Amino acid sequence: DGNSLKISKLQIQAGDGKIEAEGSADISNGLRSLELNARAERARILSSPQLTVVLSGTGHAGLRDLRLALDGKFKIDEGRYDLGTERKPELDDDVIIAGRTPARAGTKPMQIALDLTVDLSDNFAVRGHGLDAVLGGSVRMATRGTALNALGTIRTVSGEYFAYGQQLAIERGELNFSGPLANPGLNLRAVRKIKAVEVGVEVSGSLQRPTVKLVSDPVMSDTDRLGWLVL
């Protein structure tokens, strides 16, 4: 309609589900602005051997003068993340690969304002590095300046952790977010029960500064705890 584009309906099939959206855009001189409202119904937005995510919910996207605002509330209908068995090697930032086009110098980066709430619906499986668990809880992720902060708690619904050559049952597992997304607080306990003796590990502190200690019931020395745990 002249210099504006009106989107009455946009539908994308996403696995067995779908994403629908409507909105408008100013295209008088390229894409100057965009307003888009979207709904997802069991939409498979990611599907790979490592990561699968099927979600439902509503969201909004607004673009103006290279500033993108994204907000919404979503729940995970189905999720799976494979951590793998070991970390893959990565190249340093100063390595340049011949034949790959580098980013153009002087390109103005797009600024993103994010405010998303994600509910894991007690149905997000995580496996790898000795961990086999189902996660629940919810987290709100929002930008503050250039930093990405999070508020909420992710907890283990059920799970096991392989350590010291033994399969330990996770009694308590929480990641508590109240600041930077990459540094949640830890509150974890995994144990092995042998008749009347219970031994295991507890992890507290933060992801960047974790504190790990051996625990037992009844109380005993760390040497005895390790003996019961390993042997």
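Which residues make a nonpolar surface patch of about 400 Å²? They are Y164, L226, V230 and L231. The model shown is predicted, so to speak of local features takes pLDDT of at least 70 and side-chain atom pairs count only at pLDDT 80 or more, while totals for chains, interfaces and linings use all residues. Residues are numbered from 1 along each chain as its sequence is written, and side-chain values use heavy atoms, with hydrogens and water left out.

**View 1. The nonpolar patch around V230.** Y164, L226, V230 and L231 make up this patch. Patch members have over 30% relative accessible area and no salt bridge; nonpolar side chains (Val, Leu, Ile, Met, Phe, Trp, Tyr) are joined within 5 Å, and like charges within 9 Å. Areas come from the Shrake-Rupley method with a 1.4 Å probe, and for residues only the protein chains shown count as cover. V230 sits in helix α1 (residues 222-230); helices here are DSSP runs of H or I with at least four residues, strands are E runs of at least two, and both are numbered from the N terminus. V230 counts as partly exposed because its relative accessibility is 33% (buried is under 20%, exposed over 50%, partly exposed in between).

**View 2. The largest pocket.** This one has a volume of about 1800 Å³. Its lining runs to 45 residues, with L83, V126, L131, L135 and L175 nearest the centre. Sorted by class, the lining has 32 nonpolar, six polar and seven charged residues (Ala, Val, Leu, Ile, Met, Phe, Trp, Tyr, Cys and Pro are nonpolar; Asp, Glu, Lys and Arg are charged; the others, Gly among them, are polar). A pocket is an open set of points on a 1 Å grid over the protein atoms alone, where a 1.4 Å probe fits, with protein on both sides within 12 Å along at least five of seven lines; lining residues have an atom within 4 Å of a point. Volume is the space filled by probe spheres set on the points, which are joined across faces, edges and corners.

**View 3. The second largest pocket.** About 150 Å³ of space lies here. G62, R67, L68, A69, Q111, I112, A113, T143 and G145 line it, and strands β5 (67-84) and β6 (111-119) each supply at least two of the lining residues. The lining splits into four nonpolar, four polar and one charged.

**View 4. R155 and D122 in a salt bridge.** The N to O distance is 3.0 Å (a salt bridge is a side-chain nitrogen of Lys or Arg within 4 Å of a carboxyl oxygen of Asp or Glu). R155 belongs to strand β9 (residues 147-163) and D122 to the loop between β6 and β7 (124-128), so the pair links distant parts of the chain, 33 residues apart. R155 is partly exposed at 34% relative accessibility, and D122 is partly exposed at 36%. The structure holds 18 salt bridges.

View 5. R189 and E198 pair up with their closest N and O atoms 3.0 Å apart. R189 is buried at 13% relative accessible area, and E198 is buried at 15%. K193, in strand β11 (residues 185-194), counts as exposed at 61%. From K193 to W228 is 9.5 Å, C-alpha to C-alpha, though they are 35 residues apart in sequence.

Notes
Buried means under 20% relative accessible area, exposed over 50%, partly exposed in between (1.4 Å probe, protein chains only).
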